[in-house]
Amino acid sequence: MADKRNIYPKPFLRWAGGKSWLIKYLDSIVGDYKFNCYHEPFLGGGSIFFYFASKMNTAYLSDFNNELIDTYSAIKNDPDGVILHLEKYVNTAEEYYRIRALRPETLIEAAARFIYLNQTSFNGIYRVNTKGEYNVPYGNRTKDFIEADKLRAASKMLQSAILQAEDFDCVRINVAPGDLVFLDPPYTVSHNHNGFIKYNQKLFSLEDQYRLKALIDFIKKKGAYYILTNAAHATIYEIFYEKDDRCLELSRASLIGGENAKRGKIQEYIFTNL
């Protein structure tokens with residue numbers, strides 16, 4: 001029997017908070033449900049989209065990050081053009097800071113720059129300064145940053161996708177009965193009952209969490225299904241728990257390091273009406 005983990009495309013981007021770890025639980029969460037269209041408004045690295053892509057009709061993919069969506073659009077429409085630009089780059093500190101300072105003029109050039117920086121930066125973090133300029137330092141990573149087969153496989157899966165750089169509430173426009181919506185917001189609070197994180201509070205506020213709850217109520221009234229991942233925190237449970245839905249608490253490895261980071265196991269909530 002073929003290993004199911006090897007028969008769907010893998011993400012071509014590293015992404016903080018990525019959900020590759022969740023894939024091994026998806027079959028037990030989804031069960032025998034069949035879905036029409038797929039929606040993912042916090043796209044990020046897209047690991048869950050790539051897992052479900054061959055099982056759905058149209059996919060509506062969005063993220064508030066314009067550069068990210070432009071990169072997916074370029075891979076969808078011209079993966080070989082992006083690969084050709086990537087082949088011009090080398091993985092050195094000097095080259096990294098040269099590429100980081102570039103202001104690309106075309107979508108293909110911008111996508112190649114985005115992928116290069118993602119693959120060679122410190123931990124693949126996406127961070128910009130107050131001027132909107134990418135400011136993550138070089139990562140001294142030796143892995144090959146050009147994965148042509150992965151980019152071409154992603155392009156094939158993206159052919160049925162509609163891509164938008166929008167707020168997550170754009171799901172309301174297209175969601176229909178029998179659709180599946182996967183929701184993976186930036187975490188406003190830290191895990192395991194600690195306090196609020198100031199940096200993430202700027203990215204996704206507590207008010208945004210309540211807006212997300214309102215969107216989930218809308219999805220359910222439409223006769224669609226949702227899967228929400230979020231931090232295992234009392235405030236999150238209070239906002240999203242519904243007695244007719246399921247709440248699972250799952251453990252995953254902490255993947256992002258840093259000067260004060262502690263790598264280990266952390267807990268996350270999964271809420272769903274499946």
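Is Tyr72 buried or exposed, and what is its relative accessible area? I started my notebook with that one. Tyr72 turns out to be buried, at a relative accessible area of 0%. For the cut-offs, buried means under 20% relative accessible area, exposed over 50%, and partly exposed in between, with a 1.4 Å probe and protein chains only.

A note to myself on the model. It is predicted, so local features need pLDDT of at least 70 and side-chain atom pairs count only at pLDDT 80 or more, while totals for chains, interfaces and linings use all residues. Residues are numbered from 1 along each chain as its sequence is written, and side-chain values use heavy atoms, with hydrogens and water left out.

**Around Tyr72**

I found Tyr72 in helix α3 (residues 66-77). Helices here are DSSP runs (H or I, at least four residues) and strands are too (E, at least two), numbered from the N terminus. Leaving aside neighbours within four places in sequence, I listed the contacts of Tyr72 (heavy atoms within 4.5 Å): Phe12, Leu13, Leu43, Gly44, Gly45, Gly46, Phe50, Leu158 and Leu163. I also looked up Leu151, which is 79 residues from Tyr72 along the chain, with 9.8 Å between the two C-alpha atoms.

**α3 against α7**

Next I checked how α3 meets helix α7 (residues 148-158): their axes come within 7 Å and cross at roughly 95 degrees. That makes α3 roughly perpendicular to α7. Axes are lines fitted to C-alpha atoms, for helices over the stretch in contact, and angles run from 0 to 180 degrees between N-to-C directions; under 35 counts as roughly parallel, over 145 as roughly antiparallel, 65 to 115 as roughly perpendicular and the rest as oblique. From α3, I noted Tyr72, Ile75 and Lys76 in the contact, and from α7, Leu151, Ala154, Ser155 and Leu158.

**Cavities**

I counted 2 cavities of 30 Å³ or more. A cavity is a set of points on a 1 Å grid over the protein atoms alone where a 1.4 Å probe fits but cannot get out, and lining residues have an atom within 4 Å of a point. Points are joined across faces, edges and corners, and volume is the space filled by probe spheres set on them.

The largest cavity has a volume of about 60 Å³. Among its lining residues I saw Glu67, Arg113, Phe114 and Tyr134. Helix α6 (residues 107-120) gives the most to this lining, with 4 residues.

The second largest cavity comes to about 50 Å³. Its lining includes His39, Tyr60, Cys170 and Asn174. Strand β2 gives the most there, with 3 residues.

Notes. On a 1 Å grid over the protein atoms alone, a cavity is a set of points where a 1.4 Å probe fits but cannot get out, and a pocket is an open set with protein on both sides within 12 Å along at least five of seven lines; lining residues have an atom within 4 Å of a point.
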